[in-house]
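I opened a new notebook page for this structure. Below are my entries, in the order in which I looked things up.

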Amino acid sequence: MVLSGKYRNRTLLKRIIYCLLLLFILLLFWGCAGGSSGSKKDAIQTKNVVIIVIDGPRYSETWGNTPGLIPNMSGEMKPQGGFLNNFYNDAYTYTNSGHAAITTGVNQPIDNYGDELPSNPSVFQYWLKSTGKPSTAAWIISSKDKLHILANTLDPEWQGKFMPSINAGINGPGTGYRADSLTTAKAKEIMQKHRPNLVLINFMEPDGFAHAGNWAYYLRGISRNDRYVKEIWDFLQNDPFYKDNTTLIITNDHGRHLDGVKEGWQEHGDNCAGCEKVSLLALGPDFKKANVVEPKYTLIDIAPTVAKLLGFEMDRNVYMPRIDTVVVPYNVDSAGIVLQKDSLKLQLFLDTAQMQGSPIRELFLENKLKFVDSNWN
Ligand SMILES: [Zn+2]
Ligand SMILES: [Zn+2]
């Protein structure tokens, strides 16, 4: 009886020790899981970035009069992200320059007919180089055919390398502008098929119809673009690949002249307040919600922000084409970067400069700022 009692006690003790051990191991696992999910939450969660550029609407017809023509963006989407109250293109207010500022982080004058490449590599090239991914991991999907220039650069170190895929215009460069509804459908098709991590979409209707002098269609373009933006955001949030890990940035390349400045709303290209004032709305897992950012930012701050979201470094030393770019006879030798054009050489003088933009840190959640502020002064 005594022996069996001792035996029972020992078994009980063993069981208690086993239970305590098990509890200890469980607590250890729980602690680890809790710890890792905590640090995961603090890390940047964006895996994909989509930039939509609505080409050339004037602030007075968009964010200056809400809900007005943009009920989806101003009503439904703005509370889900950050809106920049003071956002500008304060440099060259036309399409190719504005887009190049967005993709390279550098303001530069550039031919507006699609005959000149940006002087610096783009976020697409940085992204593809840093990840080693194929060209289908980054896309330019554009209503304007001339924006194929955004895929490449004049920088000799980068030219022809790490180029993104292009779907532009009716059927590629030189084939004319395409309706924004078709660009929206194409964008969704490409994202479904290729699962790119970095996409730029250009919508052209506000700009195209304004140049044509058609006020009603200019307004219709803005209103349609507001719907297409919402359509793409809904697509991203309903697609398992993009849901909750994709940042959407909606902006403009330029505005249009104020009434009374030159041709008014029909044209743009100078530094009047109407041409310079643009907008930026940004939604994503690393950004604050219902957040209005007051400090001034400009188009060149988008690329550094994308670099932070996708975790690549950009070279702060950049090329800046001189405004005195000249056409010289073909037989004249040149030390600069040279493009052959018929019997003439277009000689571009590229000076070196420092990148001026910086990440838009006010968009980010407080616990992400250590990633935003590291290695960027
Ligand atoms: Zn235009
Ligand atoms: Zn103007």
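**Entry: Ala101.** I started with the contacts of Ala101. Leaving aside neighbours within four places in sequence, I found Ala101 in contact with Asn89, Ala91, Val106, Asn107, Leu299 and Ile300. The model I am reading is predicted. I placed Ala101 in helix α3. Is Ala101 buried or exposed? I counted 27 other C-beta atoms within 10 Å, so Ala101 is buried; the cut-off for that is 20 or more. I then looked up Thr298. Ala101 and Thr298 are 197 residues apart in sequence, yet their C-alpha atoms are 9.2 Å apart in space.

**Entry: the whole protein.** I stepped back for the totals. The protein has 377 residues, and 45% of them count as buried. I noted 10 helices and 14 strands. I also looked at how far apart in sequence the contacting residues are. Among contacts with a separation of 6 or more, 72% are between residues 24 or more positions apart.

**Entry: helix α9.** I went to α9, residues 302–310. This helix is mostly covered, with nine of its nine residues buried. I wrote down their names: Ile302, Ala303, Pro304, Thr305, Val306, Ala307, Lys308, Leu309 and Leu310. What covers the buried residues of α9? I found that the cover includes helices α3 (95–104), α4 (123–131) and α10 (369–373). It also includes strands β1 (48–54), β5 (198–203) and β6. After α9 comes Gly311, and I noted its positive phi, near 75°.

**Entry: strand β6.** Six of its six residues are buried, and β6 is mostly covered. I checked each face. Thr246, Leu248 and Ile250 lie on one side, Thr247, Ile249 and Thr251 on the other, and all are buried. Which strands pair with β6? One is β1, which pairs with β6 in the parallel sense over six bridges. There, Val49 stands opposite Thr247. Another is β7, residues 277–283, which pairs with β6 in the antiparallel sense over four bridges. There, I found Leu280 as the bridge partner of Thr251.

**Entry: Leu248.** I picked one residue of β6, which spans residues 246–251. Why does Leu248 count as buried? Leu248 has 25 C-beta neighbours inside 10 Å, and 20 or more is enough. I listed its contacts, leaving aside neighbours within four places in sequence: Val50, Trp233, Leu236, Leu283 and Gly284. Two of these, Trp233 and Leu236, are buried residues of helix α7. I also looked up Ile232, 16 residues from Leu248 along the chain; their C-alpha atoms are separated by 9.1 Å.

**Entry: helix α7.** I followed those contacts into α7, residues 215–238. How many residues does α7 have, and how far does it reach? I read 24 residues and 35 Å from the first C-alpha to the last. The expected span is 34 Å at 1.5 Å a residue, and the helix is close to that. I listed its buried residues: Tyr218, Gly221, Ile222, Asn225, Asp226, Tyr228, Val229, Ile232, Trp233 and Leu236.

**Entry: α5 against α7.** I looked up how helix α5, residues 180–194, packs with α7. Their angle is about 10°, and their axes are 10 Å apart. That makes α5 roughly parallel to α7, as angles under 35 degrees count that way. Which residues meet? From α5 I noted Asp180, Thr184, Ala187 and Lys188. From α7 I noted Arg224, Asn225, Tyr228, Glu231, Ile232 and Phe235. By class, this contact has four nonpolar, two polar and four charged residues.

**Entry: strand β3.** I ended with β3, residues 138–142. Five of its five residues are buried, so β3 is largely enclosed by the rest of the structure. Ala138, Ile140 and Ser142 point one way, and Trp139 and Ile141 the other. I found β3 paired with β5 in the parallel sense over five bridges. Ala138 stands opposite Leu198 in β5. Strand β4, residues 165–168, also runs parallel to β3, and four bridges join them. In β4, Ile166 is the bridge partner of Ile140.

Note on methods:
Residues are numbered from 1 along each chain as its sequence is written. Chains are lettered from A and ligands numbered from 1 in the order in which they are written. This is a predicted model: local features need pLDDT of at least 70, side-chain atom pairs count only at pLDDT 80 or more; totals for chains, interfaces and linings use all residues. Helices (H or I, at least four residues) and strands (E, at least two) are DSSP runs, numbered from the N terminus. The expected span of a helix is 1.5 Å times one less than its number of residues. A residue is buried if 20 or more other C-beta atoms lie within 10 Å of its own, exposed if 12 or fewer, and partly exposed in between; C-beta atoms are placed from the backbone. Two residues are in contact if their C-beta atoms, placed from the backbone, lie within 7 Å. Axes are lines fitted to C-alpha atoms, for helices over the stretch in contact, and angles run from 0 to 180 degrees between N-to-C directions. Angles under 35 degrees count as roughly parallel, over 145 as roughly antiparallel, 65 to 115 as roughly perpendicular and the rest as oblique. Ala, Val, Leu, Ile, Met, Phe, Trp, Tyr, Cys and Pro count as nonpolar, Asp, Glu, Lys and Arg as charged, and the others, Gly among them, as polar. Two strands pair if DSSP finds at least two bridges between them.
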